[in-house]
Amino acid sequence: MIFLLGATGYVGQAFQRELTRRSISFRGISRVELDYTNFRVLLEALKTHRPRLVINAAGFTGRPNVDACEERRGETILGNVALAQTVAQACEVSGIRLGSVSSGCIYNGAKVEEEDGSWSIREDLNASELQKLLQTRSSRIRGFRESDAPNFTFAQNNCSFYSGAKALAEEVLRNFPGMYVWRLRIPFDEQDHARNYLTKIQRYPKVYQNWNSISHLGDFAAACVEIWEGDLPGGCYNIVNPGYVSAREAVTLIQKHLRPGWAPEFWRDDAEFYGTAAKARRSNCLLETEKLLRAGVKMRPLEEALGSALAQWKPAL
Ligand SMILES: NC(=O)c1ccc[n+]([C@@H]2O[C@H](COP(=O)([O-])OP(=O)(O)OC[C@H]3O[C@@H](n4cnc5c(N)ncnc54)[C@H](OP(=O)(O)O)[C@@H]3O)[C@@H](O)[C@H]2O)c1
């Protein structure tokens, strides 16, 4: 049996579907019934029930978006950093493996091969000289690997409070090398939902153009379970669909599959976007999936996953 912490959340529900699909027995756990934020309470439950795995899909993400974390800093630290430590420590003490959901939002930008053959990190993916390289999926652009240090963090003094907290949580989890850290990035799928990237794009008053690696939520949960079932080495895994997409390309796909006449406006530039619609700086980044794919875990190419999500689109009831 698996313990699924945060089973009531958006990501937790995707794990519920995946575990059910695979007939893997699990217990979805909510804080109201078992306060897993309390070390002693969680340790007692782990000792009593001896789950084969603990999935930590809980966390404080801010509603309606990460801007809320700028105001609610205590909860952001407690719900992400302290919780990561509590759960990992309890699992370590009881000798139970942990898979913790993390986020790719601890990076910003991508790696670009310069004219002289060296590689450098470029944070502004909207820079005009990068557009052709990005649009043509040039091999001169690469995402961040798991071995690359996060660059959207408190230490760099350039991040949102949410991203800083997620980066700190990963620092905490590095002290538990046998545990899994599963990085999710901008989830989407076929179900219209306020947290689905494809829904969000359609609901924004204006769309913010940028480039990102993103994760099909069902593919993400399936990959996490495969990593555990395959007994892959502990540590960090970027779990995104190979490839990347711009907001403009996503709009074009939505027009093609769902809304032919739709013509959303775009924010003119960062100044207008941050001056009007967002408080905290947003991470926009590309992530590599080499480690995951080399380990034999399959993720559909992003183009295929996006196309099929839109082709099977299920409007919210
Ligand atoms: N959604 C995304 O875009 C995204 C992207 C990348 C990573 N993630 C990560 O994935 C995890 C789950 O995110 P989610 O989108 O599923 O969030 P969510 O829908 O808000 O659900 C999170 C769940 O965590 C539990 N929880 C525990 N401590 C909490 C606290 N202090 N405040 C609020 N909820 C708390 C709650 O369950 P109970 O109260 O029932 O126990 C809640 O249902 C988080 O670690 C998040 O950082 C999310």
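Author: In this predicted model, a residue is called buried if 20 or more other C-beta atoms lie within 10 Å of its own.

Reader: What percentage of the 317 residues in the chain is buried?

Author: The count of C-beta neighbours within 10 Å decides the class, with 20 or more required. Applied to the 317 residues of the chain, this criterion gives a buried share of 42%.

Reader: How many helices and strands does the chain have, and what is its radius of gyration?

Author: The secondary structure consists of 12 helices and 13 strands. The globule rule gives 20 Å for 317 residues, and the chain comes close to that value, so it is as compact as a globular protein of that length. Its radius of gyration is 19 Å.

Reader: Where on helix α9 do the buried residues fall, on one face or around the helix?

Author: The buried residues of α9, which spans residues 247-257, are A247, A250 and I254. Viewed down the helix axis, they fall within an arc of 55°, so they line one face. The face turned away from this buried side carries the exposed residues T252 and K256. The buried residues of α9 are therefore on one face of the helix.

Reader: Which elements do the buried residues of α9 pack against?

Author: The residues concerned are A247, A250 and I254. Their packing partners are α7 (197-203), β13 (245-246) and α12 (302-311).

Reader: Which element supplies the largest share of the shell around the ligand?

Author: There are 23 residues around the ligand, and G9, S30, A58, G59 and G79 come nearest. At least two shell residues come from each of α1 (10-21), α4 (73-94) and β4 (97-103). The largest share, 4 residues, is that of α4.

Note on methods:
Residues are numbered from 1 along each chain as its sequence is written. This is a predicted model: local features need pLDDT of at least 70, side-chain atom pairs count only at pLDDT 80 or more; totals for chains, interfaces and linings use all residues. The radius of gyration is taken over C-alpha atoms; the globule rule is 2.2 Å times the number of residues to the power 0.38. A residue is buried if 20 or more other C-beta atoms lie within 10 Å of its own, exposed if 12 or fewer, and partly exposed in between; C-beta atoms are placed from the backbone. The arc is that of the directions from the helix axis to the C-beta atoms. Two residues are in contact if their C-beta atoms, placed from the backbone, lie within 7 Å. A residue is near a molecule or strand if its C-beta atom, placed from the backbone, lies within 6 Å of it.
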